[in-house]
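Open the model in your viewer and keep the sequence panel beside it. Each stop below says what to select and what is there.

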Amino acid sequence: MKKVPFMANDYSNLFLPYTLNNGVTVPNRLAVAPLTLYCQNPDGTVSDDERDFLKHHGEGFGLYVTGATLVDAGGQSFYRQARALSEADLPSLRERVEIVRSLGAIPIAQLFHGGILANPDFLPDRQPRGPSATPDGKASELTEAEIESLIQKFAYAAELCMKAGYAGVEVHGAGPFLLPQFVSEATNRRTDRWGGSLENRLRFPLAVLDTVIDVKKKAGQKDFIIGYRITPEQPGEKGITMKETLAAVSEIVKRPIQYLHVSQQNFFHAVRRGADTSKSRMELIHEALAGRTAVIGAGELVTGADFERAVSSGWTEFAAAGQSVMLNPDLARLVREGRDDLIDRFRDESKNDSYHLPKVLWPWVPDKDGPAKLP
């Protein structure tokens with residue numbers, strides 16, 4: 001039987017440049033989603049494991065978002081995290097920038113605070129704080145003075161990242177962490193100006209975004225990129241729905257940001273509640289933005305075909321990947337060459353050395369026995 005030669009897929013559209021609304025041109029439509037690496041040194045500086053990971057992942061991507069950079073020592077949720085707390089953190093921030101730029105990608109730092117999900121084992125006073133105290137008493141309510149202080153800490157972290165040479169910052173308003181804790185009725189039971197009505201519950205995340213934008217304005221750096229990350233819906237009776245998300249998006253897009261990063265389990269998931277359930281979340285968000293800023297979409301995007309389908313939907317300008325980046329250090333090259341057949345979906349123990357993954361990350365990536373299990 002005559003052997004049929006392999007025919008590569010054509011994903012050249014993914015490698016077209018895109019110019020953001022501040023004039024910065026991104027070389028292609030692929031983005032590295034912010035990854036929590038768990039492998040920094042205890043003081044947040046770059047470890048050998050982190051350095052090895054960064055050097056071997058993300059080459060050929062357009063945007064590279066480095067994950068969960070702490071803005072406050074009281075917000076640490078994960079075992080070891082990058083920090084932007086003081087000028088002592090600048091050398092490590094600069095090293096991350098240099099590595100990412102050497103890969104040809106534009107470096108963005110994600111600004112993070114865990115709120116009530118901060119881990120007491122890592123906190124100076126062992127006391128997590130958030131919009132409201134938790135029913136079990138493990139986290140306490142932030143005072144108004146502490147809220148105002150945190151807003152300024154996000155601004156200072158953005159300033160440090162700018163000094164370090166990052167091309168921009170991404171405000172982490174996704175998942176179950178501090179900013180969405182203020183938005184959600186499940187975690188915000190305040191009765192002052194920071195809680196109650198949706199307008200009040202949006203006040204803190206918008207104040208954080210505004211003060212980060214002010215840092216950019218004061219520095220006069222028009223080309224500095226500001227992004228905001230959201231998760232469209234939360235589980236639970238009082239969790240965030242598309243109603244709250246679309247209200248938030250309508251306010252966020254009034255600000256001069258360069259992108260909205262939408263993080264969810266699956267890029268194509270339909271609305272569950274709070275809006276038209278016959279449409280996807282991405283479609284409604286894109287409609288609400290009306291072309292005023294770019295979108296990064298993430299959620300089970302693994303191969304070139306996945307990225308192409310996402311971008312071709314018209315709902316996003318960029319496709320982001322996390323697990324696929326961890327399992328495929330040369331992912332962008334494989335996509336460019338149309339070699340989806342060579343893209344790993346599961347971790348193969350016989351290839352562990354080629355992944356350049358710290359062992360602490362192995363539970364994050366799925367193997368042949370099942371889906372990823374968070375550490």
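**Stop 1: helices 3 and 6.** Select helix 3 (residues 144-164) and helix 6 (residues 203-219). They pack at an angle of about 40°, with their axes 9 Å apart. Axes here are lines fitted to C-alpha atoms, for helices over the stretch in contact, and angles run from 0 to 180 degrees between N-to-C directions. Helices (H or I, at least four residues) and strands (E, at least two) are DSSP runs, numbered from the N terminus. Helix 3 passes helix 6 in a right-handed crossing. A crossing is right-handed if the near helix is turned clockwise from the far one by less than a right angle, and left-handed if anticlockwise.

Now show side chains. From helix 3, the contact uses I147, L150, I151, Q152, F154, A155, A158, E159 and M162; from helix 6, F204, A207, V208, T211, V212, V215, K216 and A219. Contact means heavy atoms within 4.5 Å. By class, this contact has 13 nonpolar, two polar and two charged residues. Ala, Val, Leu, Ile, Met, Phe, Trp, Tyr, Cys and Pro count as nonpolar, Asp, Glu, Lys and Arg as charged, and the others, Gly among them, as polar.

**Before moving on: confidence.** This is a predicted model, in which local features need pLDDT of at least 70 and side-chain atom pairs count only at pLDDT 80 or more, while totals for chains, interfaces and linings use all residues. Residues are numbered from 1 along each chain as its sequence is written, and side-chain values use heavy atoms, with hydrogens and water left out. Colour by pLDDT, the predictor's confidence in each residue, from 0 to 100. The protein averages 94, and 96% of the residues score at least 70. Over residues 1-5 the pLDDT is below 50, and this stretch has zero contacts in the model beyond near neighbours in sequence.

**Stop 2: helices 7 and 8.** Select helix 7 (residues 242-252) and helix 8 (residues 281-289). Their packing angle is about 30°, and their axes are 9 Å apart. Helix 7 is therefore roughly parallel to helix 8 (angles under 35 degrees count as roughly parallel, over 145 as roughly antiparallel, 65 to 115 as roughly perpendicular and the rest as oblique). Their crossing is right-handed. M242, T245, L246 and V249 of helix 7 meet R281, L284, I285, A288 and L289 of helix 8. These residues divide into seven nonpolar, one polar and one charged.

**Stop 3: past helix 8.** Go to A290, in the loop between helix 8 and strand 11 (294-298). Phi of A290 is positive, about 50°, although A290 is not a glycine. Is A290 buried or exposed? At 58% relative accessibility, A290 counts as exposed (buried means under 20% relative accessible area, exposed over 50%, partly exposed in between; 1.4 Å probe, protein chains only).

**Stop 4: A68.** Jump to strand 4 (residues 63-70), where A68 lies. A68 has a positive phi near 45°. A68 is buried, with a relative accessible area of 3%.

**Stop 5: I106.** Select I106 in strand 5 (residues 106-112). I106 is buried, at 11% relative accessible area. Among the residues I106 touches are V24, P27, Y64, A167 and I225. I106 and P27 are 79 residues apart in sequence, and 8.7 Å apart in space, C-alpha to C-alpha.

**Stop 6: helix 9.** Finish at helix 9 (residues 304-312), where G304, D306, F307, E308, A310 and V311 are buried. The buried residues of helix 9 pack against strand 3 (30-35), strand 12 (318-321) and helix 11 (331-336). Just after helix 9, G314 takes a positive phi of about 85°.

Key:
Lists of a residue's contacts leave out its neighbours within four places in sequence.
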